[in-house]
Amino acid sequence: RPSDESKVVVNVPLYKDEQSIQCDGGRHAMGWDSPRTMDLSQYPNQSLPLQNVNPEGKLQPVEDMVDLPFLHEAAILYNLKARHVTCQPYTRTGDIVIAVNPYQWFSDLYTIQKRI
């Protein structure tokens, strides 16, 4: 940590393209950008946004985004992307259903038994 308490050094992973970005701590990154010093005084509560991780430190998608411990734009977008990649186009926030167009038909989601 730099000597100024309002600054912190962060490392940013580099990925091939936007589709390759994963929340994996950089394990699948092509490399790392030069360390950057961030001025925490520009962030609310002088801290970087918190991530929703399990005890092993991995980001976990949830079915109901009300269950996210830290609700912010990045957490919502990650949750929607993670569920979309695993062919789960529907999620919710309380009573509100959120659907991401999967551009494909999911036979197991739209069976007669599930419609009844």
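The model is predicted: local features require pLDDT of at least 70 and side-chain atom pairs pLDDT 80 or more, whereas totals for chains, interfaces and linings use all residues. Residues are numbered from 1 along each chain as its sequence is written, and side-chain values use heavy atoms, without hydrogens and water.

**View 1. Salt bridges of Arg 92 with Glu 63 and Asp 64.** A salt bridge is a side-chain nitrogen of Lys or Arg within 4 Å of a carboxyl oxygen of Asp or Glu. For Arg 92 and Asp 64, the closest N and O atoms are 3.4 Å apart. Arg 92 belongs to strand β5 and Asp 64 to the loop between β4 and α1, so this pair ties together parts 28 residues apart in sequence. Shared partners join Glu 63, Asp 64 and Arg 92 into one network. The closest N and O atoms of the salt bridge between Arg 92 and Glu 63 are 2.8 Å apart.

**View 2. Surroundings of Thr 91.** Thr 91 is buried (under 20%), at a relative accessible area of 5%. A polar atom of its side chain lies 2.5 Å from the backbone oxygen of Glu 63.

**View 3. The salt bridge between Asp 39 and Lys 7.** The closest N and O atoms are 4.0 Å apart. Asp 39 lies in strand β4 and Lys 7 in strand β1, so the pair connects parts 32 residues apart in sequence.

Technical notes. Buried < 20%, exposed > 50% of the residue type's maximum accessible area, 1.4 Å probe, protein only. Polar contact = N/O pair within 3.5 Å; in protein donor to acceptor, adjacent residues only side chain to side chain. Contact = heavy atoms within 4.5 Å. Helix = DSSP H or I, 4+ residues; strand = E, 2+ residues; numbered from the N terminus. Lists of a residue's contacts leave out its neighbours within four places in sequence.
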